[in-house]
Amino acid sequence: METTSPLRGALITALLALSCLNVQALGKDYPYDAFTTPDAVSWVQMCGSWGKDNQGTYRVLHADQYAQSFLYIQWMTRDANGSLHAEHTVGIAEMNNDHSEIALSGLACRATPQGIALTARASSGHDDKLRRVTIEAGPATGQYRYRTQRAR
């Protein structure tokens with residue numbers, strides 16, 4: 001009967017742990033910071049205002065990467081110098097993971113009394129059905145509602 005030395009067992013455990021470092025699970029969410037290269041961003045739209053006395057505007061960003069769409073909504077304000085900066089950024093969790101395989105087209109954004117409504121056509125890599133996506137953001141910072149319906 002062969003026995004394993006404690007050193008050999010520790011070495012095997014360490015090698016297994018190191019080999020797993022590059023493995024990524026399906027469904028990984030991609031934060032806005034993942035799109036630091038401008039070539040991935042394909043659509044940017046300022047749309048509507050938020051806050052009491054319209055203190056800021058919404059900005060919607062669409063990125064194409066890994067053969068799918070990624071979508072982010074930002075609550076923007078201007079600093080004392082007039083430069084825009086994001087007070088808050090939220091990724092659309094229903095889309096922004098590497099397993100959703102949703103591609104958007106025909107994006108449109110409009111202001112609503114509560115915030116904004118973003119609409120688009122959505123095709124899925126999982127089936128051949130075309131859908132309509134509606135995302136409503138506001139009035140609270142970071143709040144959004146995601147809805148889909150079959151396209152006609």
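Colleague: Which residues does Ala 111 touch, not counting residues up to four places away in sequence?

Modeller: A contact means heavy atoms within 4.5 Å, and on that reading Ala 111 touches Cys 47, Gly 48 and Ile 116. This is a predicted model, in which local features need pLDDT of at least 70 and side-chain atom pairs count only at pLDDT 80 or more, while totals for chains, interfaces and linings use all residues. Residues are numbered from 1 along each chain as its sequence is written, and side-chain values use heavy atoms, with hydrogens and water left out.

Colleague: Where does Ala 111 lie?

Modeller: Strands are DSSP runs of E with at least two residues, numbered from the N terminus, and Ala 111 lies in strand 5, residues 102-111.

Colleague: How should I read backbone angles, and what is phi of Asp 53?

Modeller: Most residues other than glycine have a negative phi, and most peptide bonds are trans. Phi of Asp 53 is positive, near 60°, and Asn 54 likewise has a positive phi, of about 50°.

Colleague: Is Asp 53 buried or exposed?

Modeller: Buried means under 20% relative accessible area, exposed over 50%, and partly exposed in between, with a 1.4 Å probe and protein chains only. Asp 53 is exposed at 79%, and Asn 54 counts as exposed at 53%.

Colleague: Which peptide bond is cis?

Modeller: The bond from Gly 138 to Pro 139 is cis, with omega near 0°, and Pro 139 lies in the loop between strand 7 (130-137) and strand 8 (144-150).

Notes:
Helix = DSSP H or I, 4+ residues; strand = E, 2+ residues; numbered from the N terminus.
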